[in-house]
Amino acid sequence: FQGGGTATGATASYTFPAAGTYNVTLTVTDDKGATNAKTQAVTVTAAATNVLAKDTFARSVTSGWGTADKGGAWTLSSSAARFAVSGGVGSITLLNSTTLAADLKSVSSSNTRTSATFSVDKIAAAQYIALVGRQIGADQYILRARVGADGAVTLFTLRNGVAVGASYPVPGLVLIPGQRYTMAFEVKGTSPTSLSAKIWKSTDSEPVAWQTTRTDSTSALQAAGSVGVFTYVPTSANSYPVKVSFSDITVTDPTVTGQPAPNAAPVAAFTSTPSGLTVSVDGSSSTDSDGSV
């Protein structure tokens with residue numbers, strides 16, 4: 001296999017390090033020691049993925065969030081000094097009631113499932129952690145988790161800050177500083193758009209069912225958009241500084257349920273019939289498991 005890989009036997013397989021076209025050579029040796037070789041080019045492709053963006057914050061940035069593992073650079077709504085990346089988390093520090101947001105403008109999709117794992121360093125009188133599931137210009141679909149002074153959580157599905165349906169007090173969920181929680185927001189389809197949300201303690205199993213599901217057909221939001229996160233603490237909370245730390249943000253396309261298999265390399269096979277100095281070969285027994293030779 002081009003690059004140095006080898007295998008033996010009538011059939012074999014090999015995984016190349018990257019997509020591309022490579023030469024594969026089959027050498028056949030008969031019972032009397034005569035050999036014959038056949039070289040054929042094969043093209044391999046990486047499996048398709050439904051991941052649109054992902055960031056595990058495995059880097060160090062003293063001012064800002066830098067560039068996500070996948071999905072491009074983060075665009076910040078305020079001073080980069082309020083944002084930092086270290087120790088496997090991307091943190092946002094609030095010093096006043098300004099909303100601080102980080103967006104992935106490179107993402108553009110009308111089907112997204114944005115999930116974020118986060119923790120807070122304290123419980124204020126009130127604070128908000130939010131996911132932007134679709135943004136087109138100044139218009140947004142938002143999932144906002146409101147955390148009360150007692151740590152209780154209420155979910156709000158919003159369109160440009162206006163509630164879409166009733167809020168949802170999450171039963172039994174109380175945020176504790178330093179512990180990690182995961183919230184997920186699925187924004188799927190157009191005319192109408194389905195808006196589904198859930199939140200849970202990260203050490204627990206993800207709830208199978210969505211905790212809320214809403215629909216909306218606001219014309220300005222019926223197209224592909226970008227995604228992001230933001231956080232806010234009202235002035236009345238009087239608990240500054242407040243830090244929210246994200247350890248994983250993943251955006252997938254929920255309509256992609258399976259991944260097509262990469263192209264399987266054909267298997268070269270032939271028979272050889274020596275006669276004096278002449279050899280006759282027949283390669284018609286070569287096969288391709290997912291196509292034709």
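Q: Starting with charge: how far apart are the mean positions of the positive and negative charges in the protein chain?
A: They sit 12 Å apart, taking 19 positive and 17 negative charges in the protein chain. Keep in mind that this is a predicted model.

Q: OK, secondary structure next. How many helices and strands are there?
A: The protein chain has 20 strands and 0 helices.

Q: And the overall dimensions, what box do the C-alpha atoms fill?
A: Roughly 95 × 40 × 35 Å along the principal axes. The radius of gyration is 27 Å, whereas a compact globule of 293 residues would come out near 19 Å.

Q: What share of the residues counts as buried?
A: That's 39% of the 293 residues.

Q: Which residues touch the most other members of the largest nonpolar core?
A: Trp65, Phe118, Val153, Ile199 and Phe246, out of 46 residues in that core. Strand β18, residues 242-252, gives the most to this core, with 5 residues.

Q: For contacts between residues at least 6 apart, what percentage joins residues at least 24 apart?
A: In the protein chain, 58% of them do.

Q: Last one, the surface. What does the accessible area come to?
A: About 14,300 Å² for the protein chain, and 51% of that belongs to carbon and sulfur atoms.

How values were computed: Residues are numbered from 1 along each chain as its sequence is written. This is a predicted model: local features need pLDDT of at least 70, side-chain atom pairs count only at pLDDT 80 or more; totals for chains, interfaces and linings use all residues. Side-chain values use heavy atoms; hydrogens and water are left out. A nonpolar core is a set of buried Ala, Val, Leu, Ile, Met, Phe, Trp, Tyr and Cys residues joined through side-chain atoms within 4.5 Å. Buried means under 20% relative accessible area, exposed over 50%, partly exposed in between (1.4 Å probe, protein chains only). Helices (H or I, at least four residues) and strands (E, at least two) are DSSP runs, numbered from the N terminus. The radius of gyration is taken over C-alpha atoms; the globule rule is 2.2 Å times the number of residues to the power 0.38. Contact means heavy atoms within 4.5 Å. Accessible areas come from the Shrake-Rupley method with a 1.4 Å probe; for residues, only the protein chains shown count as cover. Lys and Arg count as positive and Asp and Glu as negative; His and the chain ends are not counted. The place of a charge is taken as NZ of Lys, CZ of Arg, CG of Asp or CD of Glu.
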